[in-house]
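Here is a short briefing on one structure. Look over the sequence and the model first, then read the notes by topic.

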Amino acid sequence: MNKEKSNEILGILKTIIENPKCELNYNNIFELLIAVILSAQTTDKRVNEVTTILFDRYKTIKDLKEASEIDVEEIIRPLGLSRSKSKNIISVANSIYYDFNSNVPSTIEELTTLKGVGRKTASVVLVEGFKIPAFPVDTHLIRMANRLGYSKSSDPILVEKAYKKYIDKSEWGISHHLFLLFGRYYCKAIAPKCDNCKLKNYCKKKS
Ligand code: SF4
């Protein structure tokens, strides 16, 4: 990989993904954080269906911190892992309320002190919510990095470093969405849409 090739890939991706943006619905950074925590191992569409109900019932950080785990678990059950997700989001609401004066923290170090918040979730909150450069890496981003030649590694930290090396900081946010959505809808883990793929010439995947 080099910067020139990376720019070509991004240019092509921009012609494939017309509207590269976050597919989770949220009204503020706290709701974004909660939605990202809930999105583990499920789809953004399901999360949006559930958060419509959840955020209507618990409108503020204070409301959610005072919620009963069982009530929240019942609402978020369609997402799977509902017991741990319920515990985590109530714990996050408590931490933000008491430790951060009801303000979602804006550093990766602080965000990752919250229960259920790892580097990827923290990075999404930074780049999407605060517009602070960050490069969230999930399973789609790892697969894209491997197939398009950014990195051979499956370690998210190394993959993040590789993307950051070849992509300008100002492009991290949009690039993350481009790779994510291309991986989600075209270059899927199983049965990628390789016929007529505009990135075929850059692809390392042996078919
Ligand atoms: S050719 Fe197939 S595997 Fe390679 S980037 Fe395109 S869709 Fe993905």
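This is a predicted model: local features need pLDDT of at least 70, side-chain atom pairs count only at pLDDT 80 or more; totals for chains, interfaces and linings use all residues.

The ligand sits in the second largest pocket. Helix 8 spans residues 119-130, and Serine 95 belongs to helix 6.

**Ligand site**
- Seven names make up the surroundings of the ligand: Arg147, Cys187, Lys193, Cys194, Cys197, Cys203 and Lys205.
- By class, this shell holds four nonpolar residues and three charged ones.

**Serine 95**
- Serine 95 lies in helix 6, which runs over residues 82-99.
- Its relative accessible area is 17%, so Serine 95 counts as buried, the cut-off being under 20%.
- Leaving out residues up to four places away in sequence, Serine 95 touches Phe100 and Leu114.

**Helix 8**
- Helix 8 has 12 residues.
- From first C-alpha to last, helix 8 reaches 15 Å, close to the 16 Å expected at 1.5 Å a residue.
- A run of helix 8 is buried: Thr121, Ala122, Ser123, Val124, Val125, Leu126, Val127 and Glu128.
- These buried residues pack against helix 2 (29-38), helix 7 (108-111) and helix 11 (172-185).
- Lysine 131 follows helix 8. The phi of lysine 131 is positive, near 60°.

Technical notes:
Residues are numbered from 1 along each chain as its sequence is written. Side-chain values use heavy atoms; hydrogens and water are left out. A residue is near a molecule or strand if one of its heavy atoms lies within 4 Å of it. On a 1 Å grid over the protein atoms alone, a cavity is a set of points where a 1.4 Å probe fits but cannot get out, and a pocket is an open set with protein on both sides within 12 Å along at least five of seven lines; lining residues have an atom within 4 Å of a point. A molecule sits in a cavity or pocket if more than half of its atoms lie within 2 Å of its grid points. Ala, Val, Leu, Ile, Met, Phe, Trp, Tyr, Cys and Pro count as nonpolar, Asp, Glu, Lys and Arg as charged, and the others, Gly among them, as polar. Helices (H or I, at least four residues) and strands (E, at least two) are DSSP runs, numbered from the N terminus. Buried means under 20% relative accessible area, exposed over 50%, partly exposed in between (1.4 Å probe, protein chains only). Contact means heavy atoms within 4.5 Å. The expected span of a helix is 1.5 Å times one less than its number of residues.
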